[in-house]
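Colleague: Before we discuss the packing, please show the model and then take my questions in turn.

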Amino acid sequence: MSAHHASDWDRDAALTTARILLEIKAVNFRPEEPYTFTSGWKSPVYIDCRKIIYFPRARNRICDLGVEKIGRHVGYESIDVVAGGETAGIPFAAWIADRMLAPMAYVRKKPKGFGRGAQIEGDVPEGLRTLLVEDLTTDGASKIRFAQALRDAGAICDHTFVVFYYGVFPGSFETMKQMGLALHHLCTWWDVLEVCRERPYFEESALKEVRKFLEDPVAWSKAHGGIGSVEEARAPRDAAE
């Protein structure tokens, strides 16, 4: 199995992003000691997109690719405001807004104060076409919460952009699609694996285990002590709300 791309440009952008992430050591493979995500999924892989902010040439290239991706898939004059998700999305939103000559805001995880704009800093993009930006997404849960906060404040939020999309956990695209939120991303784990064929970044045994996870993440998670269904992933959040 490999990544599906809308065009040759999208594939080239994905592989370039994957090479950058591997070079700056933002990619972590740990099959013997799996990572546990907030949602409860277990994973042998973890991506640390926050590392990008430390590397000027890497972040410059990634942000250029991101803006080009947005232009191609959303439109060059179809975004009025760029909003970052607290906290990892804020620097990426700032760099992308700067390149797009667009106003920038950011969305808090929880409201601070009262009123419609209590979760939004900068200014409330009421009635404006707002692009939600974050560094990555696993199962899409935080994107949905941030987008809803923007909509509750009166923004038009139909698109979200991330550098990296795990591309494996079930239900993420579907849930976002149901709420009319289109996800745009530069690369996925399948792109990372493709680049790993070019150079031996990791041991073959680790790559083999990662492929097993990507082919059936739900079974892999369950077998390693994590949750084993979309319902379980949603349950804690539903209970909290």
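Colleague: How are α6 and α7 oriented to each other?
Modeller: In this predicted model, the axes of α6 (residues 189–196) and α7 (residues 204–215) come within 11 Å and cross at roughly 155 degrees. An angle over 145 degrees counts as roughly antiparallel. The relation of α6 to α7 is therefore roughly antiparallel.

Colleague: Which residues of α7 make the contact with α6?
Modeller: α6 passes α7 in a left-handed crossing. From α6, the contact is made by W189, W190, L193 and C196. Their partners on α7 are L207, V210, R211, L214 and E215.

Colleague: By class, how many residues in the contact of α6 with α7 are nonpolar?
Modeller: The contact of α6 with α7 has no polar residues, and two of its residues are charged. The nonpolar residues number seven.

Colleague: How many residues of α6 are buried?
Modeller: Buried here means under 20% relative accessible area. The buried residues of α6 are W189, W190, D191, V192, L193, E194, V195 and C196. What covers them includes α1 (8–23), β1 (27–29), β4 (45–47), β9, β10 and α7. The helix α6 is largely enclosed by the rest of the structure, so the count is eight of the eight residues.

Colleague: How is α1 oriented to α2?
Modeller: α1 and α2 (residues 56–73) pack with their axes 11 Å apart, at an angle of about 155 degrees. That value makes α1, relative to α2, roughly antiparallel.

Colleague: By class, how many residues in the contact of α1 with α2 are charged?
Modeller: On α1 the contact is made by W9, D10, A13, T16, T17 and I20, and on α2 by A58, R61, I62, L65, E68, K69, R72 and H73. By class, six of these residues are nonpolar and three are polar. The charged residues number five.

Colleague: Which are the edge strands of the open sheet?
Modeller: Six strands form the sheet in the order β7-β6-β5-β8-β9-β10, with mixed pairing. An edge strand pairs on one side only, which is the case for β7 (120–121) and β10 (182–187).

Colleague: What is the bridge partner of V82 in β8?
Modeller: β5 (residues 81–85) and β8 (residues 129–137) pair in the parallel sense over four bridges. In β8, the partner of V82 is L131.

Colleague: Which helix packs on the sheet?
Modeller: This helix touches β5, β6 (104–107), β7, β8 and β9 (156–165). Its direction makes about 160 degrees with that of β8. The helix, spanning residues 141–152, is α4.

Terms used
Residues numbered from 1 in each chain as written. Predicted model: local features only at pLDDT ≥ 70, side-chain atom pairs only at ≥ 80, totals over all residues. Heavy atoms only, no water. Axes fitted to C-alpha atoms, helices over the stretch in contact; angles between N-to-C directions. Helix = DSSP H or I, 4+ residues; strand = E, 2+ residues; numbered from the N terminus. Parallel < 35°, antiparallel > 145°, perpendicular 65-115°, else oblique. Left-handed = near helix turned anticlockwise from the far one by under 90°. Contact = heavy atoms within 4.5 Å. Nonpolar A, V, L, I, M, F, W, Y, C, P; charged D, E, K, R; others polar. Pairing = 2+ DSSP bridges. Buried < 20%, exposed > 50% of the residue type's maximum accessible area, 1.4 Å probe, protein only.
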